[in-house]
Amino acid sequence: MSARVRSVMICNFLSLLVLCGCATGPLSGKTVATDASGGVAQKLNLEKNISAQWWTLFKSDELDRIIRDALSQNPNLAAAQATLREAQENYNARSGSEYFPDVSAGLSSSRMKSSSTGNEGSVFGLHHASVDVAYTFDIFGKGRRELDGLRALVDYQQEQCEAAYLALTANIVTTVIREASLREQLAAFNDIVASQEKRLSMLDKQMVLGGVARPEVLAQRAQLEQTRAAIPPVEKELSQVRHQLMVLTGKFPADEAGVKSFSLAALRLPEDLPVTLPSDLVRQRPDIRAAEALLKAASARVGVATANLYPQITLSGSYGLEAGRMPDLFNANSTVWNIGAGIVQPIFNGGRLRAQRRASLAAFDAASAQFRQVVLVAYANVADALRALETDARALKVQADAEAAAAASLDMAQKQLAAGSVNYALLLDAERQYQQARIALVQARAARLSDTAALFQALGGGWWSPKDISKE
């Protein structure tokens with residue numbers, strides 16, 4: 001390894017030490033709590049590891065079943081596993097022959113006619129059997145560095161497989177949460193529609209009796225239709241989310257009838273959150289380890305390009321039998337053999353080899369920069385997720401208070417309207433505020449669940465599991 005490569009890797013290591021000493025984000029220890037559903041306080045636990053099956057913290061048997069099915073049926077994960085096996089076999093093919101000579105056996109038989117001038121050429125046969133051996137000495141480390149590069153590519157594909165595993169499980173969890181949120185919103189809309197339909201029916205009767213004017217009835221009908229108009233877009237998105245869930249689990253959209261629907265009430269918000277120490281983050285995110293593997297592969301290519309500048313020494317030999325007639329092939333006098341050695345030293349190639357080495361150094365610098373970028377993004381992901389958990393808890397508390405206030409305001413307006421002491425426009429405004437507050441409360445509950453899943457994904461999600469993902 002060149003001095004430049006060593007210095008760059010040392011600089012990367014020192015940079016990571018500085019990063020590891022920095023906090024990944026706000027660690028206040030505990031989020032605020034509220035009496036609303038899903039309003040429990042979440043505590044950050046720095047002494048607890050994330051379970052390999054982190055999604056089980058949401059306490060949903062159906063979610064666990066869907067993820068297990070997806071791990072065995074998802075095409076993207078299957079492709080990642082196959083690519084990993086390909087890389088492993090490519091490494092096996094090279095590692096099995098790197099430190100041993102190539103040995104081959106051959107048997108040939110031919111019939112030939114010689115050329116002659118003015119005379120008829122002679123016809124003869126030639127039969128040959130031999131064993132050939134060749135070995136190239138890896139004095140300057142080219143073969144070892146090529147093997148290191150293949151090993152790094154195996155490591156890279158392993159991390160890509162783990163990243164696919166993590167992305168699949170996280171996407172399923174967030175998709176399920178999204179489905180539950182949409183179903184809760186639909187339920188809220190349907191409740192509001194039922195209430196408004198009941199009120200409209202009452203106003204129709206009062207209008208017949210002369211108790212209310214027609215404009216008030218029309219205003220109530222307009223409010224009802226506006227609420228109804230909000231339902232189809234939610235139903236459309238719910239269908240799309242269900243179809244997406246089917247794709248993630250390796251099924252066709254038509255198979256969705258076999259998958260149960262989800263509700264927010266069926267998903268428990270994890271209270272005790274295992275949070276990784278900053279110094280451990282660089283060792284557990286698959287994207288960081290994949291970037292590190294690419295950096296090692298780039299370093300290996302520098303070694304190969306450097307070794308190409310030096311001589312290559314090859315030793316070869318063969319031992320066999322050769323005769324003009326097949327019955328004579330195994331006579332003692334038919335033995336042939338040879339042994340030889342060769343050395344090849346590049347002298348002039350138009351600067352090609354040195355240019356290739358400079359290119360490999362530039363590729364190493366690029367891989368080094370990309371590695372640092374991946375680490376920075378990883379720390380930002382964790383900081384974002386931690387901040388989101390903190391703000392989500394406060395947002396849920398505010399939305400719960402807003403929903404309670406809107407419900408109380410609507411109830412008071414309805415009672416005052418029945419007593420004839422409130423303007424009807426105030427009731428319509430109270431209805432709109434309650435509708436908005438109720439939907440916002442559902443979305444706030446779902447946000448806490450989604451951002452909790454995002455935190456587990458940002459932390460690498462149980463990477464230390466002894467289970468070999470490539471054999472899932």
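This is a predicted model: local features need pLDDT of at least 70, side-chain atom pairs count only at pLDDT 80 or more; totals for chains, interfaces and linings use all residues.
Which elements each supply at least two residues of the lining of the largest pocket? They are helix α3, strand β3 (residues 123-137) and helix α4 (residues 142-208).

The largest pocket holds about 350 Å³ of space. Its lining is made of 20 residues. Arg94, Glu98, Thr136, Phe137 and Asp138 lie nearest the centre of the pocket. Strand β3 gives the largest share of the lining, four residues.

Now turn to helix α3, which covers residues 75-98. Thr83 is found in this helix. Is Thr83 buried, partly exposed or exposed? Its relative accessible area is 30%. Buried would need a value under 20%, and exposed a value over 50%. Thr83 therefore counts as partly exposed. Along the chain, Thr83 and Gln160 are 77 residues apart. In space, their C-alpha atoms are 9.3 Å apart.

Helix α4 also contains Glu159. The relative accessibility of Glu159 is 11%. The cut-off for buried is under 20%, so Glu159 counts as buried. What does Glu159 touch, leaving aside residues up to four places away in sequence? Its contacts are Pro286, Arg289 and Ala290.

Strand β5 spans residues 312-323, and strand β6 spans residues 335-344. The two run antiparallel and are joined by ten bridges. Is strand β6 largely buried or largely in the open? Of its ten residues, the number buried is zero, so β6 lies largely in the open.

Last comes confidence. The protein chain averages a pLDDT of 85, and 88% of the residues score at least 70. Helix α6 (residues 231-248) has the highest confidence, at a mean of 95. Helix α1 (residues 3-20) has the lowest, at a mean of 50. Over residues 17-26 the pLDDT is below 50, yet the model gives this stretch 23 contacts beyond near neighbours in sequence. Residues 464-472 also stay under 50. For that stretch the model has 18 contacts beyond four places in sequence.

Conventions:
Residues are numbered from 1 along each chain as its sequence is written. Side-chain values use heavy atoms; hydrogens and water are left out. Buried means under 20% relative accessible area, exposed over 50%, partly exposed in between (1.4 Å probe, protein chains only). On a 1 Å grid over the protein atoms alone, a cavity is a set of points where a 1.4 Å probe fits but cannot get out, and a pocket is an open set with protein on both sides within 12 Å along at least five of seven lines; lining residues have an atom within 4 Å of a point. Grid points are joined across faces, edges and corners, and a volume is the space filled by probe spheres set on the points. Two strands pair if DSSP finds at least two bridges between them. pLDDT is the predictor's confidence in each residue, from 0 to 100. Contact means heavy atoms within 4.5 Å.
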